[in-house]
Amino acid sequence: MKIGIIGAGNIGGALARRLTQLGHEVSIANSRGPETLQELAAETGARPVPVTEAARGADIVVVTIPQKNVPDLPAGVLDGAAPDAAFVDTGNYYPRHRDGRIEALEQGTPETRWVEQQLGKPLIKAFNNIFAQSLQDNGKPAGEAGRIALPVAGDD
C-alpha cells in the first residue's frame, strides 16, 4: 500500500520503520521539511516529502502531530489521497503538558471529531494508546503467540 505519514516524531517514526519493513511504500513529512528527515529516510527507505505531498496517492494517511499543531496544517493537506483512502488520527490531547487549552475539546468535542473539523476528512482513531517502542518492536504475524491488539475507532 501507499501510506503517507504527517509527523515524524515517536509514533510517526515507529510507523515508518514498521510499515517499510512490511514492504509498504511510505512517504513521511514533518513541519521542518523533507531535508530534516534524511536520516530516517536512510534508515527506513521512507520517502521524505513536504507536508503538502504526504497524502498524494496514499491509500492511508496517518496524522500524528500534537493536537495544538493540527490547525497549522495547510488547507487541503489531505487532498490528493487515493479515492476511498483511510485517514488515521493518532493524537491525544495534553492541555497541561503540550497543547495548551483548546476550547472546543474542553467543551466536550471528541478529539478526533475536532481534528476532522480542522482537516475536512473523516478520521479513524488508532495508535494513540501504545508506546512508540512497543508499536515498533512488538508486532507479530497472524497466528503467532503473544500478539497484541489495539483498539480502532471510526465510522467506516
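**Entry 1: E111 and K125.** I began with E111, which is partly exposed at 23% relative accessibility (buried means under 20% relative accessible area, exposed over 50%, partly exposed in between, with a 1.4 Å probe and protein chains only). K125 is buried, its relative accessible area being 13%. Salt bridges with shared partners join D89, E111 and K125 into one network (a salt bridge is a side-chain nitrogen of Lys or Arg within 4 Å of a carboxyl oxygen of Asp or Glu). I found the side chains of E111 and K125 in a salt bridge at 3.3 Å, N to O. This pair links distant parts of the chain, with E111 in helix α5 and K125 in strand β6, 14 residues apart (helices, H or I of at least four residues, and strands, E of at least two, are DSSP runs numbered from the N terminus).

**Entry 2: basis.** I noted that the model is predicted, that local features need pLDDT of at least 70 and side-chain atom pairs pLDDT 80 or more, while totals for chains, interfaces and linings use all residues. Residues are numbered from 1 along each chain as its sequence is written, and side-chain values use heavy atoms, leaving out hydrogens and water.

**Entry 3: D79 and K121.** I looked up the salt bridge of D79 with K121, whose closest N and O atoms are 3.8 Å apart. D79 lies in the loop between β4 (60–63) and β5 (86–89) and K121 in the loop between α5 (111–119) and β6 (124–125), so the pair ties together parts 42 residues apart in sequence. D79 is partly exposed at 48% relative accessibility, and K121 is partly exposed at 25%.

**Entry 4: R101 and E106.** I recorded a salt bridge between R101 and E106, with the closest N and O atoms 3.5 Å apart. R101 is exposed at 56% relative accessible area, whereas E106 is partly exposed at 33% relative accessibility.

**Entry 5: total.** I noted ten salt bridges in the structure.
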